Amino acid sequence: MPDHQNSFLWTLNRDPPSYFFGTIHVPYTKVWNHIPESTKEAFQQSENIFFELDLTDVYTVTALANCQLLPNGENLSDVLPVDMFNRLKSHLEYVRQKMPSWMSADQKGRGMYADYLFNAIAGNWQRKRPIWVMLMVNSLTESDIKSRGTPVLDLYLAQQAEKIGKVTGAIERVEEQCVPLNELNFSQVLFALNQTLWQHEAYRASEEGLTRYTTDELIYHYNCGDLNAVILNQNTAQVRSLVNNSLPPGAQETAKLIDEYFRLELINKRNERMAERVISLLKAHPKKSFFFAFGAGHFLGNNTILDRLWEEGYRVEHTPADSIIPKHKNSNKHHGKNRKKGKNTSFPNYDSFSDFWFQLESDTDYSDWLKKRDKHRKKIYNRYKEKPFNDLWVKMDAETCV
C-alpha cells in the first residue's frame, strides 16, 4: 500500500461503530488491491450493508431500464433535429465498427463478442431519451468497452455481502436517480447531447492536443487516494462536466447552468435525502452496525452526507488506511442461517430499496406485502430475463497509482 494513499472510509463513533465508505462506479478489479485492509475489515465486521440502490434486484434493474425510454412509444428520430440524429447514428456506426479492436484479449477469451456487446449497450438507442443517449455515448469509449464484463465496485460489494449472509439494503428509490435527469429542460438536453457528440467527433478527427475525461483518469485519482470532490463528483453524478475552454461565452453560460442543475439535483439534494434516511436507520437501530457504501462524491466537498450527520450530533471521523477496526460480538452473529431463512427478526431483511421504504413509510402488514412484491418480481423477471440489459450505473478492467 503506498504511503501517500488515503482511505475513503469514515467511522461513526458509537457502540457498535458504523462506517461510511466512498465507492467508485468502475470495475472492482481496477481498485480492489488499493482499498485498505481496514476498509475491508469494517465491511466484514458490519452486520448491515446499505447501498444507494439494490443493483442485484430485478425490479431495480427493470425500473432503471424503463426510466431511460421515451414515453408513448416515441423514437429519437421523432424528437431530435434531423442533423443531430444523423450525426448520432454516424457516431454509433463508427463505434460498432471499432468495437472488435477495442475489446481485450481477456474479454474475447471469455466468449464475449463485439456485436453482442454493442447491442447490449446501444441496441435500443433509438427508443431512449436524449439525456440517456448522451450518457451512453460517453460510455462508448475504448477504455470503457475494455471494462465490460466485470462488476463495478458497488455491485461487487453487494454480491459479496449476499454471499457471506449480510443483511443488505438500499437507501434510495430508482426514481430519485432517474427523474432529475429526465426533467432537464429539453433545449438544454439538446445542447448537452450536441456538445457531447462534438467532443467525440473532435476526438475522432484528431486525438492530439485534446483533453479527454476518461475512466482511467478517475481510477488513477481514486487509487492514489485523491480526496478531490470535483473529480469524484463526476462519477457520483454519472454526468461529465460540459464546461470547456473551447465554448463561446453564451455556450459557456448554458453549460454552467446544466452543470449546476446536475450538481444540485444529483449531488446536493440527494445528499440531504440520503442523510435523513441514514439518520432514521441509525436512530431506529442504535445497537446495530452499518456499512454505508455510497459514491465517494457524496462524502467530499461541501454539504455532504457527513456534514449533515455532524449537524445532527453524530461524530463521524475519517479513518486512515492503517487504522485497526475493532471486532464486536454481533458482527457475525446472523450470517448465513438467518439470512437464508429470512428470519432475522431483530432487524428486517431489507433485500431491496422497496423493502426499506415499506418499513419506513407503510403501515401495511409486512409479510402480506412481501408476498405481493415477490409475485410481482417473478412476473417482471419472466418478462425481461431473455433481454440483455445495459445499465449506465452497472458497467458490464488505465494506469493505476503505484
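**Close-up views of salt bridges**

**View 1. The side chains of E41 and K327 come together in a salt bridge, with 3.6 Å from N to O.** A salt bridge here is a side-chain nitrogen of Lys or Arg within 4 Å of a carboxyl oxygen of Asp or Glu. This pair links distant parts of the chain, 286 residues apart, since E41 lies in helix α1 (residues 37-45) and K327 in the loop between β6 (316-318) and α16 (337-341). Helices (H or I, at least four residues) and strands (E, at least two) are DSSP runs, numbered from the N terminus. E41 is partly exposed at a relative accessible area of 24%, whereas K327 is exposed at 67%; buried means under 20% relative accessible area, exposed over 50%, and partly exposed in between (1.4 Å probe, protein chains only).

The model is predicted, so local features need pLDDT of at least 70 and side-chain atom pairs count only at pLDDT 80 or more, while totals for chains, interfaces and linings use all residues. Residues are numbered from 1 along each chain as its sequence is written, and side-chain values use heavy atoms, with hydrogens and water left out.

**View 2. E312 and R308 meet through their side chains in a salt bridge of 2.8 Å, N to O.** Within this pair, E312 is partly exposed, with a relative accessible area of 37%, and R308 counts as buried at 17% relative accessibility.

View 3. Between R173 and E176, the closest N and O atoms are 3.5 Å apart. R173 is partly exposed, at 26% relative accessible area, while E176 is buried, at 12%. Across the whole structure, the search finds 15 salt bridges.
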